[in-house]
Structure formats: C-alpha cells, structure tokens
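Notebook open, model loaded. I'm jotting down what I look up as I go.

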Amino acid sequence: METILQGIKEGFYLVIQMDAEIVQVTILSLQVSLTALILSALIGIPAGAASALKKFPGKKILLNTVYTLMGLPPVLAGLLVYLLLTYRGPLGQYELLFTPSAMVIAQVFLATPIIWGLTARAVMALEQNVYDTAAALGASRRQAAFTLIREARMGIIAALTTAFGRVIAEVGAVMLVGGNIRWATRVLTTSIVLETRMGNFSTALALGMILLLISFLINLLIILLEKRTFRYDNTIQIT
Amino acid sequence: MTIPFKLHNVVKRYQEREVLNADHLEIPAGKIYTVLGPNGSGKTTLLRILALLLVNDAGSLEVLGEKVNWSKNQLLKLRRQMAMVTQTSYMFQGTVYYNVAYGLRKRRVPEREIRRQVEKTLEMVGMSAYRDADARTLSGGERQKAAIARALILKPQVLFLDEPTSNIDMASAAEIEKHILTINQNWGTTIIMVTHNLFQARRLADEVIFLHEGHIIEKGPGSQIFDQPQDERTAAFLRGETVF
C-alpha cells in the first residue's frame with residue numbers, strides 16, 4: 001500500500017514537472033490512437049450503417065464475423081500486422097515495421113470491428129418508421145441513410161468511446177509492431193510495462209495517471225462535440 | 001380533373017398472407033378521402049403503397065400521372081410531391097424547428113427561406129412557442145401538430161394521414177381537422193386519410209373507400225356510403241357490428 005501511495009505522490013510530481021520524455025510519449029500515444037480512431041471511424045461507421053441497412057447474401061455471417069473480431073486479442077492483431085509488414089511480408093517494401101504507422105495500422109485492426117459492429121447494432125435498433133418518416137418527407141436514399149446514422153448517434157458515440165478506450169489502453173499490439181523504441185515508438189502503455197519491469201513503480205504509476213486523464217479528457221471532448229445529444233436530459237426517469 | 005392515383009390489381013402479401021388486393025381504384029385530385037375498414041383490412045398497407053413506401057407484389061400503379069417503376073429517381077420525384085402524417089409521428093432527435101425544417105433542407109432550400117417558412121407554418125398550427133423545444137418532449141397533441149406542420153411546409157399535392165388524431169384529445173383533434181379542411185380548400189391538396197373515427201370521417205370525407213379483408217368493397221361519396229351503403233359488410237361496419 002505504501003508503495004502505491006508513494007508512487008502516486010511521485011507520479012503526481014512527474015506529471016507537474018512535464019518531463020520531456022513523458023511529454024513526448026504522451027503526445028505519441030495520442031497521435032497514434034486518435035489517428036487510428038479517425039481512420040477506423042471513417043471505415044467503421046459507413047460499413048456498419050451499410051451492413052445494417054442493405055440486404056445481401058452472407059449478411060448474417062459478415063456481421064457475426066465483425067462481432068467476433070470485436071474481441072480480437074491485441075497480441076493477435078499485432079502478430080498479423082507484424083507478418084504483413086515484416087521484411088518478407090506482403091507490405092514489407094514500405095518499411096513500416098517499428099514505426100508509429102505500424103502502430104496505427106494495428107490499432108485500426110482493433111478499433112474498426114468495434115465501431116462497425118456497434119454502429120450496425122445502433123442502426124438496426126431503429127424502427128422502420130424512422131426511414132419512412134425521412135422518405136415521406138422527401139429525403140433521397142442517401143439523405144435518409146444519413147438521417148438514420150444521425151438518429152443512431154448515441155450508439156455510434158458509444159462505439160467511438162469504446163473503440164478509443166480499447167486502443168489507447170492496449171499494449172500487446174503496439175509492443176509487437178512498434179517495438180517500444182525510446183523517442184520513436186514508445187507510448188504510455190509500453191512505457192508502463194517497461195518501467196514496471198525496471199522497478200520504477202512511481203514512474204509507471206505517473207504514466208498510468210496520465211493515461212487515465214487522457215482517456216477522461218478525450219471522452220469529454222467526444223461528448224461535448226455532440227452537444228445537441230446531451231443538451232437535453234436523456235436519463236430515463238425511474239420512480 | 002386529374003387522377004393522381006390509379007391502381008389496377010394491386011396485391012400485397014406478407015409471407016403467404018394476402019393483405020391487400022385492390023382490383024381497381026381511381027382517386028381523383030382535390031378531395032378528402034377517408035379509408036375505412038376493420039382492423040387488418042389493409043388500410044395502412046394501401047396508404048403506404050400509395051405513398052410509395054411499400055412495394056406492391058403484383059399489379060400496376062400510377063401515381064401523379066406516372067406509371068410507377070420504383071426507380072430511385074422516380075420515387076424521389078414523386079415522393080417530393082406528397083407528405084404523410086402517421087398515428088404516432090416519429091420526431092427526429094432535435095428541436096421542433098429541426099423537424100419542421102427537415103423536408104425543405106433535403107430539398108436544398110436556402111436557410112433564410114426555410115426560417116421564414118418554418119415560422120409561418122408553426123404560427124399557422126399555433127406552435128410558434130415550441131419552435132426551440134425538444135421535439136421529443138412534446139405532448140401527443142403538440143407532437144401531431146408539429147408533424148402536421150412538418151408536412152404542410154412542403155405544400156404537398158397529396159397528404160396522407162394515418163389515424164392522425166387517434167391518440168390525442170378532442171380539442172387537439174378538432175384543431176387538426178380544421179387544418180386538414182383548410183389545406184384542402186385553400187391549396188386543393190388531395191387528402192387520403194385512414195381513420196377509425198366514424199364521426200370524423202363523416203365530418204371530413206368527400207369520398208369514402210371501404211376496405212374489408214384487403215378488398216375494396218365500396219367507394220363513393222361520404223353521404224351515400226354513410227346513409228345508403230350498398231354492401232351489407234359496409235352497413236354492418238357502420239352499425240358497429242363485427243364484419244364477416
């Protein structure tokens with residue numbers, strides 16, 4: 001217990017001191033995870049909406065696969081990306097292994113199924129009359145599809161926050177494809193592993209605190225960006 | 001007089017069950033039609049097919065002078081001349097303003113014009129005070145008035161109403177009836193309304209279409225159908241009896 005308290009205290013000082021390496025690691029973590037989140041959203045939201053709205057053969061199998069991949073073990077995602085990017089792999093010529101780009105790719109593998117699957121669920125939860133209302137008011141198919149996505153946005157925001165939580169906190173994939181190289185590919189989670197192994201518990205705790213703080217702030221930002229949804233109290237009244 | 005709707009042997013089935021079989025129906029423009037019939041007689045199905053929200057399984061359909069081929073472009077063009085209000089109108093998340101402006105925004109009307117139109121329409125239905133209210137917190141009556149405004153702002157040639165007043169109090173229903181009459185008289189909008197309220201049908205209908213088990217049993221002027229129904233099933237329905 002004393003170690004934890006001491007660690008938190010020291011960690012707090014480290015955060016305040018704005019140590020150059022900690023700042024760099026924090027910025028890289030944010031860069032990698034936010035880039036991965038944006039790319040995954042660009043793939044996952046349209047794919048999720050389309051797979052919910054369109055009828056096509058193999059739809060159930062596709063969605064079931066996506067739901068399964070939502071639980072893809074990060075180490076496995078990392079291994080797959082590693083094999084793709086390694087010198088002898090299909091994308092080896094681009095020399096991306098052990099770069100932040102490789103870490104982004106690995107995180108896209110993890111976040112996309114979450115955003116895809118949860119967006120599909122959120123859109124499928126809407127009733128037929130939402131589409132009918134939009135169509136009867138003169139919306140084109142594309143406009144009506146955007147309306148459906150807008151109406152499902154509470155669920156989609158949940159998808160984004162879940163996906164961000166997963167990528168910012170994961171360690172296995174970025175460790176494998178990034179290599180935890182100091183000043184190059186070291187991020188908060190891999191630093192925590194390293195510092196813990198070296199017995200620097202206070203530094204590890206400080207990094208953990210920063211990680212939580214970032215997560216809190218990013219989620220707050222996502223909520224604030226969608227002000228309108230939260231402008232009104234959506235809480236179900238339980239009496 | 002133009003005939004916006006012509007149906008010939010229009011059939012709709014759900015799985016094996018046939019829910020509509022309209023052998024012949026013509027609906028001339030400018031009148032108020034009420035569609036009557038027991039539960040499950042195919043009233044809403046007929047309305048949704050006419051509104052081009054449901055594809056028929058067989059037969060041919062002519063809407064606003066065009067033979068319907070269900071192509072994307074034709075659907076959009078025809079739907080943009082019609083509007084619909086249902087029993088429990090779905091309100092999009094957002095304000096009353098957002099909801100009423102929706103149709104014009106999809107037609108890419110300039111925002112300044114939209115604002116002018118929304119304010120005018122909300123005033124017409126007595127909902128100006130609710131402009132910025134969350135559309136989902138409205139009472140049943142207010143919600144239906146907002147839905148009427150959302151349809152009226154489009155100045156449709158045809159307005160479909162699917163039991164628009166069945167969930168609201170009499171005063172609000174009377175107000176909505178007044179708007180229905182006004183738009184029919186002032187704009188010549190054709191109104192096709194499903195209702196279970198026979199008094200309301202009597203008050204509003206120029207013509208009545210009576211459906212039973214998916215078939216059109218009778219169609220004619222309201223006075224004739226109500227006072228001298230030709231078919232025993234219509235007469236029984238109007239007497240409040242179970243129709244076999």
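**Chain contact.** I started where the chains meet: the contact takes 16 residues from chain A and 20 residues from chain B. I count two residues as in contact if their C-beta atoms, placed from the backbone, lie within 7 Å. On the side of chain A that touches chain B, α6 (128–136) and α7 (141–151) of chain A each supply at least two residues. α6(A) gives the most to that side, with 6 residues. By class, I get 6 nonpolar, 6 polar and 4 charged residues for the side of chain A that touches chain B. My classes: Ala, Val, Leu, Ile, Met, Phe, Trp, Tyr, Cys and Pro are nonpolar, Asp, Glu, Lys and Arg are charged, and the others, Gly among them, are polar. Helices (H or I, at least four residues) and strands (E, at least two) are DSSP runs, numbered from the N terminus.

**Housekeeping.** This is a predicted model, so I note that local features need pLDDT of at least 70 and side-chain atom pairs count only at pLDDT 80 or more, while totals for chains, interfaces and linings use all residues. Residues are numbered from 1 along each chain as its sequence is written, and chains are lettered from A and ligands numbered from 1 in the order in which they are written.

**Two helices in chain A.** Next I checked α2 (residues 20–53) of chain A against α7(A): their axes come within 11 Å and cross at roughly 105 degrees. The axes are lines fitted to C-alpha atoms, for helices over the stretch in contact, with angles from 0 to 180 degrees between N-to-C directions. α2(A) and α7(A) are therefore roughly perpendicular, a label for 65 to 115 degrees. From α2(A), Ile45(A), Ala49(A) and Leu53(A) meet Ala145(A), Leu148(A) and Ile149(A) of α7(A). This contact has 6 nonpolar residues, no polar and no charged.

**Chain B.** I find 9 helices and 10 strands in chain B. Its C-alpha trace spans about 55 × 40 × 35 Å along the principal axes. Of the 244 residues in chain B, 43% are buried (20 or more other C-beta atoms within 10 Å of the residue's own, placed from the backbone).

**Core.** Which residues touch the most other members of the largest nonpolar core? They are Ala106(A), Ile115(A), Val177(A), Val35(B) and Phe160(B), out of 127 residues. Such a core is a set of buried Ala, Val, Leu, Ile, Met, Phe, Trp, Tyr and Cys residues joined through C-beta atoms within 7 Å.

Key:
Buried ≥ 20, exposed ≤ 12 C-beta atoms within 10 Å, placed from the backbone. Parallel < 35°, antiparallel > 145°, perpendicular 65-115°, else oblique.
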